[in-house]
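I am opening this notebook to keep track of what I look up, entry by entry, in a structure that is new to me.

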Amino acid sequence: MTWFNSTNSNATNGSNIIKINDNQSVANIRPSDALVLGSFVPVEISKAYVTHRGTFIELIKPWPNATQSQVPCVVLPTSGDFNTAVSALNNASKMVNDNYKSMLDWQTKLGSVQFSDLDGNTQTVKTLRQMQNEIDAVNPYPWAMRKVEFEARRQQNLEKYAASGFVNFGNHRNAAPNYLPINDGLFTELTAKNVLNLGSGSGNTKVSGNSQADIPILNIAGVITKITALSVSDTGYQANRIKLSHAEDGTRTYDSASGIPVIHNSPAIAFASETDTNKVVTAPVDIWGFELYLRAITDDDPFVYANGLIQSRAADINGVATTEDNIRPTSYFAWYEGDTTSLGRGVNWQTASEAQRIEIASDPQNNIYFDDATGMFYQWCVRGRSLSGKGNWDWSEIDSNDVGLTFTELGLIFGTNSNTDRVKVQGATNDDSAFNSVQTYNQVYITSSSDEAGRNAHDHSVFVMRDAPENSDKAHDQQCFFLVCGTVSRLNTGIYHPSYNAFGAALAKDGKAYQNTSVSLTNRADCFNPDNILANSGSIESGKSGRKDGRFYDAIYASGQGGVCRDMRYSASALSIEDIKNKDLDVKSGVYRGVERLRKFAPKELNNTVYFYSADRQNFVLYGSNILASNELSVGDVFWTKPNGTNKFYAAKITSGHPTYITANLLDTQTHPVDDGIAAGSAISAEYWMPQYLNISVADEYQHADVIGSTQDILRCDELKSGWLGAYLGIPTGSGDMNIPFSKPVIDSAGSYVQYDNTGKLTGYGNIEIDVIKNINVSTLSNTANTVSICSYKTKAKLTKPASNPVIHGGKYGLGHVFVSKSYKASHGALLGYSLINKVMTCDDNVTHKEYGLSSYTMTDKKLDSATHPPIDLTLPTNNGPAFKALSCVVEHNGQVLINYCFAEPQHNGTSWEDSGQVSIVDGQSTALVGIAKLVEPLGWLKK
């Protein structure tokens, strides 16, 4: 009888040679016998042999399946023993009736049967079922994908894609005003509390986007996951839910020194506990993303989920009905701390029938495999996670491709205290403390560039769990990853007040907004006192908002305060040159989403800074400051100064600057510091009010406020005397109309205003009309010299931030064209121009923008030394508006793609452009308004 059984063999895709590693005898293997390896279809054998290099089986045809290593195999006697028996039957026709029963037994029973030949000799053959049982004993669950095959597919994905990210973004619902897109596949739902939506489906009739399919598909560390029915039951609609935590209510404090957050019994207690480092959280920034981990399917943890999504609410998996997972606690499924609404539905693997298991395991999208080495099933699972910001600022480290830092600086970190502000891994555990602070590095996410990443160091596009024994329970083989997808700026439940609580949304108890309420609001704590707040106001349910933009604290918006900030859903596929060119067009046409830190005009301490007043007592120099170099201030910004010994603040505008000093010009031409007894040429220390960058970002469209009025009158207004989010424009002319140009580009002609007299008394509020070309108010609005006016309008966040001269990706092939524009239109580059030169574009003639190819350039080590272009031939600007020119350059940083712009502001003399045709190569922004800037958000990844 021919029979062969090996527990260790290798098969290479495309090769017809099978290596037998345990040296089992192949003497009885015959040509045309069938080799069964793993769960694959039997293949025909040509011969078997032994050499000095080992034992081998040669196939008729090359092995057609994925490469297999150290897997069991058997040989079926398809033409050996059985053919002998058949031959005996053919040659013994007189014995047919006797052997007929044996044939039936061979087909249906266990054990072995005997066939008789003409001479009365018997041939013993194992039955078909017996042979199958022996195969199954060596190779159980032949219908299941094996680990080696899954890992082979995973390796193919790692080689195919440039990074972890989205294979497909999905499309989105686009139906204003409640359903608004952020980018492809991500959109708002302003009637639902604290949610965003990801992807859409065929059940939706208003689907938009450029994705190949409506459903998002993830690639994380080579594991592909199809995102459907995530936290929703409506599989036809397929708008997966991203869940965020509830809005802050003034009861939580965070101590930046200890890293400890505390929830108090009331806002009064919380505010009473504030110190220099311990503050009430009112303007947090949340992040969201996906956690991928490998888990064993056991008796204690038996559920499997559709596509591996533990928060799936799908009614079935491949036709097998699901039930709610009653084994795991609700904390296992939580999107955010305290979430009890995200319980997943799945199938209990241990109680499922074999037929049901086969249906589920046969679909590779469920990411289930069997490991012969352990005799267990495993599933790669994905959990959606959102994490609230601990304090009132952006996250410190959420870009996974940051490398070159020390280990203590590497990782997914909220604040400046890397000992306490790290994100804890949850993985396969029920650990409901995963949202809390961590006091150890061992259970946290780090960048894959760190040595501690160990076996998980696949690429820079995803955070990995630290390879440490303490994490053995977090995921099988410590395979656990976190892909950050974006950030969200959050509003709070307190009364909106532009100075005390700019992120509030509620109305005062009398149902009125801050500017005309009878409720006393004198500090931030007053805005959260329940006795001061109109119950339920500021919420979606109430429909009542105290904000100028009408926003609610429990809605998540597409942009601005209370909206999506960074969208970090990068494509897993490598960007092509065509992709990068299209992104550059998006920037120049105003489609690209900008991101910028909010600015507050408020008191600021500057150490070792003095003023030197020039002879005319109107121009002066501020020495000893790095505020211009650090991008705290820019040319054109306005600030206040109160020299010590004087009795009033003076408003000044920066005219030029260097890293160690700036020059400025007083705005009030009627009053000079000399009136306070300051001699020309004196150097005096001073107090300051300045526009200061907060560590809170907003994206795309948001509400901005400009204030007009004398410094003394502004300080009498309760609304403004502690500072405000926005800018200061200057002092009224007293002409009766307010036509001072706004500080930022206005994108909507509808604005609003609030006015006070010189005693701080409210005198009026309402709407204004804005000329979006000239960027000024055109409504009749009284603005006498003793009036303080606050004008609010919609603007857009900057598209770029300062950068240094980089290595150009691809050398000369990474250089673009020189784009020149003077247009006020966003579609003609106006937003890019403002981002680069910090001046609003106001020209409205017909020839407003052009592109020029480079005439020449020089490079050293792929860094640009110089470049020239043909002379600018645009017509002169109208409205005395500025122009800009920018050379685009493709830049790569640790595999991510950005676009840098070498820019300058061309000047004109009234008859022609005074431009040399040179592209200036100056790091950051110089005082002559030339420099280099980079996009605020990477575009995607390159394939290494």
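Which residue lies over the face of F166, and at what distance from the ring centre? I found that R569 lies there, at 5.8 Å from the ring centre. I noted the rule as well: a charge sits over a ring if NZ of Lys or CZ of Arg is within 6 Å of the ring centre and within 35 degrees of the ring normal. By that rule I also listed R173, whose charged end sits over the ring of Y179, 3.9 Å from its centre.

Before going on, I wrote down that this is a predicted model, in which local features need pLDDT of at least 70 and side-chain atom pairs count only at pLDDT 80 or more, while totals for chains, interfaces and linings use all residues. Residues are numbered from 1 along each chain as its sequence is written, and side-chain values use heavy atoms, with hydrogens and water left out.

Next I looked up aromatic pairs, where rings of Phe, Tyr and Trp (its six-membered ring) pair if their centres lie within 6.5 Å, planes under 30 degrees apart counting as stacked, over 60 as edge-to-face and the rest as tilted. The count comes to 33 aromatic pairs. One of them joins Y254 and F414 edge-to-face, at 5.9 Å centre to centre and with 80° between the planes. Y254 lies in strand β18 and F414 in the loop between β28 and β29, so this pair ties together parts that are 160 residues apart in sequence; strands here are DSSP runs (E, at least two residues) and helices likewise (H or I, at least four), numbered from the N terminus. Y254 is buried at a relative accessible area of 2%, and F414 is buried at 1%, where buried means under 20% relative accessible area with a 1.4 Å probe, protein chains only.

I then turned to W640 and W689, whose ring centres are 4.9 Å apart with planes at 25°, so the pair is stacked. W640 belongs to strand β36 and W689 to strand β39, so parts 49 residues apart in sequence are tied together. W640 is buried at 0% relative accessibility, and W689 is buried at 5%. Both belong to a cluster linked by ring pairs, together with F601, F649, W724 and Y728.

My last entry concerns helix α6 (residues 354-361), in which R357, I360 and A361 are buried. Seen down the axis, the buried residues of α6 fall within an arc of 90°, taken from the directions from the helix axis to the C-beta atoms, so they line one face of the helix.

Note on methods
Buried means under 20% relative accessible area, exposed over 50%, partly exposed in between (1.4 Å probe, protein chains only).
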